[in-house]
Amino acid sequence: MGAFDPIITYEKGTYIETDTGNKVSRKATIIGATNIILGGKSIIQTGSILRGDLRRSTAGQHVVITMGRYCLIGEGSIVRPPGKMYKGSFTFYPLRISDFVHIGPNCIVEAASIGSGVEIGKNCIIGKFVIIKDLAVILPDTVLPEGTVVPSMSIWSGNPGKLIDTLPETYQETMEAKCKSYYQRFRAA
């Protein structure tokens, strides 16, 4: 997170950069892009899958996945909205991801809400309708079962995931700086 952190390079042309500064890999799979909102300066890495096509079956336009600024979707991660039976039919519900969220490689995320300043480690499974409040860390290989609520300023680990520790008061500034630094270091070669 300092001035001496290495630059993360990618081949020019392998990522598309939008007007709002989002960097999206050409090898990422984004289905139903009209139902996905990216806040800006976010990175969607190679092999990631975003499922915007999984939406309510009623007519009209529905925002399915909303992401804030300075978010990272790691390589091979799957982000899809949670779904369940409601009044006799299967329906999907929106997934909201706030600012400064890092989702590590090879994760499966079906949460209802992920707060600001959340770090999800590699190989995590975030179950349906999980709510992760602001400023939380989910350590690598953690499985959060359906409906889990992760409180602010907490660290979770295990299968099933359990609270193992708390975060320091300064974590918000640390996470924001980490996300901004990663975005600035992620450049075309």
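Modeller: A disulfide is a pair of cysteine sulfur atoms within 2.5 Å. This is a predicted model: local features need pLDDT of at least 70, side-chain atom pairs count only at pLDDT 80 or more, and totals for chains, interfaces and linings use all residues. Residues are numbered from 1 along each chain as its sequence is written, and side-chain values use heavy atoms, with hydrogens and water left out.

Now the cysteines. Searching the whole structure turns up 0 disulfides. Take Cys-107. Its closest cysteine sulfur belongs to Cys-124, at 4.7 Å, so the pair is too far apart for a bond. Seen from Cys-124, the closest cysteine sulfur is that of Cys-107, again 4.7 Å away and too far for a bond. Buried means under 20% relative accessible area, exposed means over 50%, and partly exposed lies in between (1.4 Å probe, protein chains only). Cys-107 is buried, at 0% relative accessibility. Cys-124 is also buried, at 0%.

Next, the packing. A nonpolar core is a set of buried Ala, Val, Leu, Ile, Met, Phe, Trp, Tyr and Cys residues joined through side-chain atoms within 4.5 Å. The largest one has 30 residues, and Ile-120, Ile-126 and Ile-132 touch the most other members. Strands E8 (65-69), E13 (95-97) and E20 (136-138) each give two or more residues to this core. Another core, of 16 residues, lies apart from it; Leu-135, Tyr-171, Cys-179 and Tyr-183 are among its members. In soluble globular proteins, nonpolar side chains tend to be buried together.

Contact means heavy atoms within 4.5 Å. Leaving out residues up to four places away in sequence, Ile-132 touches several residues, including Val-118, Ile-120, Ile-126, Ile-138 and Leu-144.

Ser-42 sits in the loop between strands E5 (36-40) and E6 (43-44). Ser-42 is buried, at 1% relative accessibility. Beyond four places in sequence, its contacts include Gly-21, Lys-23, Arg-69, Cys-71 and Tyr-183.

Last, the strands. Helices (H or I, at least four residues) and strands (E, at least two) are DSSP runs, numbered from the N terminus. Two strands pair if DSSP finds at least two bridges between them. Six strands form an open sheet with parallel pairing, in the order E4-E7-E10-E15-E18-E21. Strands E4 (29-31) and E21 (143-144) are the edges, each pairing on one side only. E7 (residues 49-51) pairs with E10 (residues 78-79) in the parallel sense, over 2 bridges. Ile-49 has Ile-78 as its bridge partner in E10.
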